[in-house]
Amino acid sequence: MFTPSGAFSGFSVDDIDAAAEFYGNTLGLTVSRNGMGILELHLDSGATVIAYPKPNHEPATFTILNFDVDDVESAVDDLNARGVVTTIYDSSEMPVDGKGIMRGNGPDIAWFRDPAGNVLSVLKG
């Protein structure tokens, strides 16, 4: 019988040290490394997401991790102040504004990339 006691998600990166710097220092998440050198990203909700090194990593072309925030515009302003680019799509690809925020097509959302090129987002959940 399939009776899991929990679940977690993971994704690959090409440079584990750059990922640790980005997720820990730039985004301000609590980050640890397990015995295998895999990063564990600890979220305030209690969830843990892993990032593992992969030499032939190819960035995900879809959103791998969504961060639920109270105010997308404030989150984007904060990310931009930290050097994170949230204008990875232009209005010819998606209906986004000058800050990279898509509004009115579901929850407000803005996308950005980690150093490995993976797509992340902040959204109003």
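**A first tour of a predicted model**

Visitor: Is Thr86 buried or exposed, and at what relative accessibility?
Guide: This is a predicted model, where local features need pLDDT of at least 70 and side-chain atom pairs count only at pLDDT 80 or more, while totals for chains, interfaces and linings use all residues. Residues are numbered from 1 along each chain as its sequence is written, and side-chain values use heavy atoms, leaving out hydrogens and water. Buried means under 20% relative accessible area, exposed over 50% and partly exposed in between, with a 1.4 Å probe and protein chains only. Thr86 therefore counts as buried, since its relative accessibility is 2%.

Visitor: Which backbone oxygen does the side chain of Thr86 reach?
Guide: Thr86 sits in the loop between H2 and strand S6 (101-102). Its side chain makes a polar contact of 3.1 Å with the side chain of Asn80; such a contact is a pair of N or O atoms within 3.5 Å, where within protein one must be able to donate a hydrogen and the other to accept it, and residues adjacent in sequence count only if both atoms are side-chain atoms. At 2.8 Å, the side chain of Thr86 also reaches the backbone oxygen of Lys99.

Visitor: In what order do the elements of the chain run?
Guide: Helices (H or I, at least four residues) and strands (E, at least two) are DSSP runs, numbered from the N terminus. The chain has two helices and eight strands. From the N terminus on, the order is β-α-β-β-β-β-α-β-β-β.

Visitor: Which side chain joins that of Ser121 in a polar contact?
Guide: Ser121 belongs to strand S8 and is buried, because its relative accessible area is 0%. Not counting residues up to four places away in sequence, its contacts (heavy atoms within 4.5 Å) include Thr63, Phe67 and Trp111. The polar contact, at 2.6 Å, is with Asn66.

Visitor: What radius of gyration does the chain have?
Guide: Along its principal axes, the C-alpha trace spans about 40 × 35 × 25 Å. The radius of gyration is taken over C-alpha atoms, and the globule rule is 2.2 Å times the number of residues to the power 0.38. For 125 residues a compact globule would be near 14 Å, which agrees with the chain's 15 Å.

Visitor: Which residues does UniProt list for "domain: VOC"?
Guide: UniProt positions use the numbering here, feature names are shortened, and annotations may be inferred rather than shown by experiment. In the unreviewed UniProt entry, "domain: VOC" is listed for residues 5-125.
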